[in-house]
Structures are given as C-alpha cells and as structure tokens.
Amino acid sequence: MSTSADDLRAAIERQFGRSLHIRTLDTGSCAVCEQEIRLLAAPHYDLHRLGFFFTPAPRHADLLLVTGPMIRAFEVAARKTYDAMPGPKVVVGVGACALGGVYPADPFTHGTVDAVLPVDVWIPGCPPSPLALLHGLGVAVGRLAEKVRDLPFTAEDQPERTRGDS
Amino acid sequence: MTLWFVRGIRRGIVTTRYPARPEESARFLPTPPAFRPRELNRETADRLAQACPSGALTRDEDALVFDVGRCTACGRCAAEASHAVISSAAWELAATDRSTLIKRIPLRAAAP
Amino acid sequence: MTPLDLFYVAAGAWACAALVGLLTARAAAGLLACCALSAVGGAAAAVGGGWSLLYGDTTVVSPGPATVVGGPLQLQATSLAGVFAALLGVVAVAIACYAPRYHTPSPGTGCYLAAYNLALIACLAVLAAGGMVTFLVAWETMSLACYLLILRHPRDLQVARGAFWFLALSEAGFLLVVAAFVILSAKTGSTSLAAIAAHAAAVPGGWRAAAFLLALTGFGFKAGLVPLHAWLPEAHPVAPADGSAFLSGVVVKMGVYGIALFAFRLAPPLGAWPGLVMMFAGAVTAAIGILYAMAEGDIKRFLAYSTIENAGIIVTAFGAAMIFHASGQRALWALLLIAGIYHVANHGCYKSLLFLEAGVTEHATGTRNMDRLGGLVHRLPRSAVIAFVGTLGIAALPPLNGFVSEWLIFQGLFQGFRTGSHLTGILIVLAAGTLGLTGGLAIYAFVRGFGIPYLGMPRTRQAAEATERRQPVLGPALLAVACVALALGAPVVLYALSRAARTVTGVTLGPLLLPGDLTVIPAHTDFAALSPTYLAVFLVCALAVPLLIYAAGRPRARSTRVPVWDGGIVAFKPRMQYSAMTFSAPTRVTFDALYQPSVSVTRPSDDDPAGRSGPVHYEAQVTPVFQRYLYQPLVRSLEWLSDLVRPIQSGDVNLYLLYVFAVILLAYLLGAV
C-alpha cells in the first residue's frame, strides 16, 4: 500500500469502512492473544456490530491479524496465506511477540512479524485486551485516530497513582 | 429459561458501547508504564533496562529508550524502581508507524 | 442398386482384410494394409447403413448357394438395422485408424485382426439377415469371433477367464434366442423375417409373449441386462482396447438390436405388461450398472459397467415405447423408438472413443488403475481433449449428443400420463425417476472417470513420464467429430431416424418431432421443445462473455499470479489428492446395502494396535453380488447334477452293452406299438 497517508486512509475507509473480513494467523504464539481475539466475537465486545467478521479463508479476507513471534517453521505458511489474500489487504501485528518483544531473533524464530510480512498496523499488549484490539482495528480501517503518537509516557502531568487504582 | 430471560432483560444490554462511548471497565486494564524523568539517572536507567525481560527498555547516551511495542506490562520495572515508574493508564496503543511506539525519556542531567 | 450392395462391398472388404491380416500382419506394411481394407469396409457399411435408413426395407434376397447349415441364406437391408449398420461402419473406420499404432506387427496380431474382421462380417450379417437361419448362424459366428478377439493373449489366466465368461453367457443367450425364433417360425410357418413380421398378428398372444420374453432374456445376455451382464466387467478389461471398443460399441448393440427386432417387428406383444417388464429391467439395469461403475478403479471395468448402464437406458426407452403402443399413443411409441435408436448411435460413438482412449492411456503409462494415474492432461494433451469430448457426451451434458438423446427419452417418459392408466403412468414415472438417478450418478462417475486420471498431479512415476509420441490420435478424433456432428446435426439425424421409425411403426412423426426452425419436440406440441443447434451456439457465446469482460477490463485491473491456496502447507504431495475410491465413497456409503462392502485390516502384530512394527495391510472390497448369489449357486447346482448323473458313464463295457440292449428293446417295442 504505497500511496500517501491521506489517500491511504481515504482508500481504506472507502474499501473497508463498512465491512471487513479478518483472518487470524498464529505464527507461534502462546495462544493468549488468540483468546482475546476470540473474545471479540463474544456478546460483550461484539465486533459484528462494527461490521467486522472472521473468516477462515484467506481468499475472502481483507485483513490479516497476526500473532506470535513468526517462528521460522511457519514462514512458508505465512507467506502463502498473505499471497492468497486478494488486494487491497491490511496486515495487523498483534501482541508484544509480534512486535519484537519477548523472543529475540534466533535460529528458530524471526522474533517479529515484520521480518516476513509487511505490517500496516501494530497493536501492542501482552495480550492486548479486546478493547485495544477494537481500537487497533478501527485504526486499521481509518475510523479511529491513533493516540500513541502523542503520548509521552512520562509522568509529570499525571497524578501519582499506581496500577489498578480507581 | 424464562427466569434467565427476565433477569437478562432487567440487567440491560451488556455490550460495550466502545468506540462510540468510552468504556468504564478500561481503567482496570494492565497498561505499560510511564516514567518520571526527574527520577531517572543513568544507574536507574541501567537497572530498569536489566530488569525488563522483554527488551523494551534500553539506555542510550541521554535518554531511556522505551519501546512500547515490546512491553508486556509485567511490572518488573516498577518493582525495580518504584519511585521512577508508574502506570501510564494508556491502552489505546495502536500505531501505523513502528517508530511512533519508541519513546525517548530524557534522563536527569546530573549524576547521582 | 440397393443398400444391400454396399453391404456386400463391406463384407468383401472385410474378408480381404481378414486374409491379408492373417497372412501378412507380422510386417508393419501388412498390418497397415489390413487396416486400410477394414476402413474401406467400414466406410461402405456406414454409407450403406445411412442410405438404408432413408431407403426403407429392401426385399428379401437369397444370393449364393440355396442352403447354408440347414436353411436358406436370406438377406434384407432394413431401416431398423440401418442405424446399427451405420454405427458399425463408423466404429470400424475409427478402429481401423487406431489399430496400426496400437498393435505391434506380429503373428498374434494377424490372428487377432482376422478374428476381428470376421466379427465385423458376422455383425453385418446379423443386421442384414432376412431369415431366421441366417440370423442365428451369423449370431453364433459373431460370438465365436468375439471370443477369439478377447483371447488375444491366451496364455494369461485373466484373459482366458474373461473370454470364457463371454463365451459361456453368449451360448446361454443363444439357446434362448433359438427357442424364441423356433416358436415364431413354427407358429407363422416361415423362416423369413419379413414373412414372420407380416404374420405376427396370427401368432396367439401367449406364444408371442413367450417368444418375446425368451428373446428379451436371450438378447439380454448380449446387451448386458442385469443380472445377465456378468461377462462385461470380466471380458472388457482383458481384451485389447480396440476389441473392447468393438464389444461395447457394437456387439452390445447387437443384443439391443435383437431386442428391438422382437419387440417391434417380429413379436410385438399384446397388452402393456411385456413393455412394463422390459422397462423395469432396463431401469434396474441402468441404476445397478452405474452404481457398480462408481466402485471400480480399473478404467476399463468402469467403462464396461457404464455400458451396462446405457444399455439399460436404451432398453427402458424401448420398453416405454411398447407401453405407449399398447395404450394407443402411437406418436410416443415412434418417439421413444427413435430416441432409443439415437441413444444407440450416440453411445456407440462415445463409448468406443472412451475405450480407445483407455487403450492409449494404458499404453502410455502401463496401467489401467486410476489410482496410479493423474495429471495426464499435461502429458497427453490431445488424448485428454478427445477423452473430454467423450466424457461430456456420456455424462449427457449439453450441448453434446448424449444430452439430446437422453432429453428425448426423458421427455417421452414424462408423458406417461397420456397412457390413461394410473398404474402404468406411475410406473413410467418411477422408471423416469430411476433414469434420473442414473443420470446424476453418471455425471458423478464420469467426473471421477475423467478427473482422477487426467487432472491433478501424477500419482506415480509412470503417469509423470507418459508420452504421447506414437500414440494413435486419428481414430478417437474421428469418433469425437462424430459425437459433435450427431449433436449439432440432431435435426438431420432425427429426420433420418423418423424415416426408419415410419418403416417399423407406420407412424410419420414429421412436424411432431421436427417442427422446423432447427427445434426438436417430443411428439406433442404442448409439452417441451429443444434446439440442440441453438443450444450449442448459445453455450459457445455464453462462454465468450466472461472472456470479453476480462479482455475489456484488463488494462485497468492489476492481477497477480499466486499459487492455489492449499491451506499453507509447505508442499502438496500427489498422495494428498483424492483417490478413485475416496471420491466415490459417498455413493458407497449411501448404497452399502447393494455393495455390501467388506474391509479387512491386517497388522503384523496384534498387540500393537498402531502397527508400528511393520506395514499395515488394508483391503476394502465390494461384494460381487450377482456372481456370489446367482452364478456360483447355479454353477454349483449344475456340478451337483452332473455328479449325480456321472454313474451312467461308468466305463464298464458290460453296462454299456446293457444300455445298447435296452435301447434296441425299446425301439422294437415302440415300433410294434
């Protein structure tokens, strides 16, 4: 997808804004990201109300949701799945493993999905909650704005609090 | 069956309204850390980098480099230097550009 | 000049071909000469057959010596036999083009070709027979010549077994046919077929029905009606490919011709029930034939069972024709006769084609087993295209000829409500339903029959290394052209057939079959209509539309070529494809009451369920129902009977003298009385 950012966003929204078919791909994860992805179809989060659907067939898919650190044994299958998807297509890397964390590159793992597939959207988390996944999918189709660009992750402007406090 | 139906109707709709409306339960989510630059000197930064099992924290010349993408929100950095680390409460972290997930937090200028 | 003269030319050419073959076929030039003569004879027979369709029945002629084997030699070229003769000619020409490249020049080939040409002459004589004795002599000659034909490699046990099955069942049928003829000629007092036909009304109804049933059973052995079909799957795989093509394409049709002869000319029975019996027999044959075809992995056995199915369809059509005749629906009577004969011509063409292609495949890969083939469309492209034409025809898919003839048969059967009797109407509908099941299963079976050997990836090295060099192409190509011509030229063919039907039934269909404008209607204007020519044109144009869209949109659309989605596995192995048995597994599960399958699994050690200590042997079998429950008990009871009677031949001279004395005494006593 090599057009300018605005054209890209407009194209994505025009193509995928209303209905998107998602194909999940597990490249060697611990399957917790898959559990969170599966929860998306549950009544509490219900991604069908947003027009997203899961499909097992890459030929019907618009978006490839990749988890796992891309082990080398899976490389052929990942490329074949990506190639089988008709364009335009979006690849989303999900979870810390896919983004390069947890597992470094070694003889058995690439360590990051980027090594094999061209990733368009990254969703950090371990695992990313279904809400974070919904935000990521919204960013992928151009319906939601990215927020992390403007977050400094510094604490000056935040009140003192620890994790889990209400 | 009827009881379940009635109870369910009384409870109301449980489906989240996100993204149209903010989600209340999001405040319980585990989130990546945020850092206090005033508490960060080189030694603290090195200890934090050592403590992170995922390789999200490294130190270069004058900044703590925090890769949000690699963070697993395990909390070891907070346990290591609790004065310097708090929870960021940020969970909408999707990014189209990988470089926007790499944050540079400036270290305190003076040595400890 | 009459068509009979052309038949003389054909017979003469074939006789020369037999001689030439016998003497010189050990050299390639001799083989070629024999086949050329055979082709000339075939062309003469085809033209003569086609001409006699339009000419009508010639007079009965008694050429040559006054008697042959106890009766006069009588010949007559009839309209009904014209189609069969034309089919014989076309198939003979195709096989003559095929044989030089298929057979290697040798003395054995010479004997084979001599037997083959003798069989051709005998078939033509059966069709041109004007008298009972000529018919029977020619019939028996045909059976014996075909026996020699099948026995190309007599040292092979399987070949001998297949040939023996053919001969045994042919002889059993022959006895019944002789009985049928004897009844008729005794009751009408003549041996000439034309005279018997003319006096058919004088034969009492009971005798007529008896003769008809004897003929149905006797000719049914040859035509392949269930349960008399057992020789077909045994003899076809072991005969050479062109021999199998001849057997399925022509000899089986001789049986059908015999049935048609008795049903429509010689002994048209009173009442509807003989027609019901025939229709029921045909429907059951069709269904069982295709069901057994689904369970076969050997290409030639599969095609043999498909022949049984098509013979069943033809006999069903004839049976329904008789029912309509009995209830006074003369137009439908003629229509179903025409449709049946049309299906004879069609099936002869595409079945011969498929058998010839099976021979090409066997020579190119060394095996007839579908599970050892695969991907032949890349290795044998021309054969694959020709086989595809034959497959489309036999699966009765538009726009080819099988579709038109089966459409006509179905339309005739659907008008069963016109018989006026509720019972016959319902039974005709049931037969139509059975034929519908058969048609669906035929498509399924032939998707398998074409897809497993020709499409996909080669399953063995032999399949991957098959080559089309020096394989015969002209013969099968001729038959493919004939199939297409029969389809596109359906109005012409049907016009010729309606002339034949007029000679047999006296009904002129004319506008009730071909109302002009290249359309075909089934005998009543208010029922249905089809134009095979326009359908073919429409299909070709319809295929062109997506191509035009693609061509028009090509500059703007960007397309990428990627491999087929296979689930993302690293490498697709040929063993992962469907095998012939697994593709037909749903049928075998649904109809397991008929197949009674048995599975046996043997492991080297019983206390190791996973069989890790060695190979596991898995065998799945379909029970040969008819052989086990019909033929073997019959054979066993015959053996028991002969054991019982054996003491008479004790070998004791004194006992034999006693027999002689007893017989002389008996003769004196009877003479005195």
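**Note on a three-chain predicted model**

1. Because B:Ala89 has 15 C-beta neighbours inside 10 Å, B:Ala89 counts as partly exposed; a residue is called buried if 20 or more other C-beta atoms lie within 10 Å of its own, exposed if 12 or fewer, and partly exposed in between, with the C-beta atoms placed from the backbone. B:Ala89 lies in the loop between β4 (85-87) and β5 (102-106) of chain B, where helices (H or I, at least four residues) and strands (E, at least two) are DSSP runs numbered from the N terminus. The phi of B:Ala89 is near 55°, which is a positive value in a residue other than glycine.

2. Before going further, please note that this is a predicted model, in which local features need pLDDT of at least 70 and side-chain atom pairs count only at pLDDT 80 or more, whereas totals for chains, interfaces and linings use all residues. Residues are numbered from 1 along each chain as its sequence is written, while chains are lettered from A and ligands numbered from 1 in the order in which they are written.

3. A positive phi is also found in A:Val102, at about 65°, although A:Val102 is not a glycine. A:Val102 is placed in the loop between α4 (95-98) and β5 of chain A, and it counts as buried because it has 21 C-beta neighbours inside 10 Å. As background, most residues other than glycine have a negative phi, and most peptide bonds are trans.

4. Two cis peptide bonds deserve a look in the viewer. One joins A:Cys126 and A:Pro127, with omega of about -10°, and A:Pro127 sits in the loop between β5 and α5 of chain A. Another runs from B:Tyr18 to B:Pro19, with omega near 5°, and B:Pro19 belongs to the loop between α1 and β1 (33-35) of chain B.

5. Helix α1 of chain B, which spans residues 2-11, is hardly covered, since the number of buried residues among its 10 residues is 0. Just after this helix, B:Gly12 takes a positive phi of about 95°. In chain C, by contrast, helix α16 is mostly covered, with 13 of its 14 residues buried. The expected span of a helix is 1.5 Å times one less than its number of residues, so the 14 residues of α16 (residues 401-414) of chain C should span 20 Å, and the distance of 20 Å between its end C-alpha atoms agrees.

6. How many helices and strands does chain A have? Chain A has 5 helices and 5 strands, and from the N terminus on they run in the order α-β-α-β-β-α-β-α-β-α. Of its 166 residues, 48% count as buried. As for confidence, the mean pLDDT of chain A (pLDDT is the predictor's confidence in each residue, from 0 to 100) is 86, and 86% of its residues reach 70 or more. Over residues 162-166 of chain A, however, pLDDT stays under 50.

7. Chain C comes to 26 helices and 2 strands, and buried residues make up 52% of its 673 residues. Its radius of gyration is taken over C-alpha atoms, and the globule rule is 2.2 Å times the number of residues to the power 0.38; a compact globule of 673 residues would therefore have a value near 26 Å, and the 27 Å of chain C agrees. Its C-alpha atoms fill a box of roughly 105 × 70 × 60 Å along the principal axes.

8. The domain assignment of chain C, automatic or from a database, gives domain 1 (584-604 + 614-623) and domain 2 (628-672), and the C-alpha centres of these two domains lie 46 Å apart.

9. Between chains C and A, 4 residues of chain C are in contact with 8 residues of chain A. No contact joins chain B and chain C, whose closest C-alpha atoms lie 25 Å apart.

Note on methods
Two residues are in contact if their C-beta atoms, placed from the backbone, lie within 7 Å.
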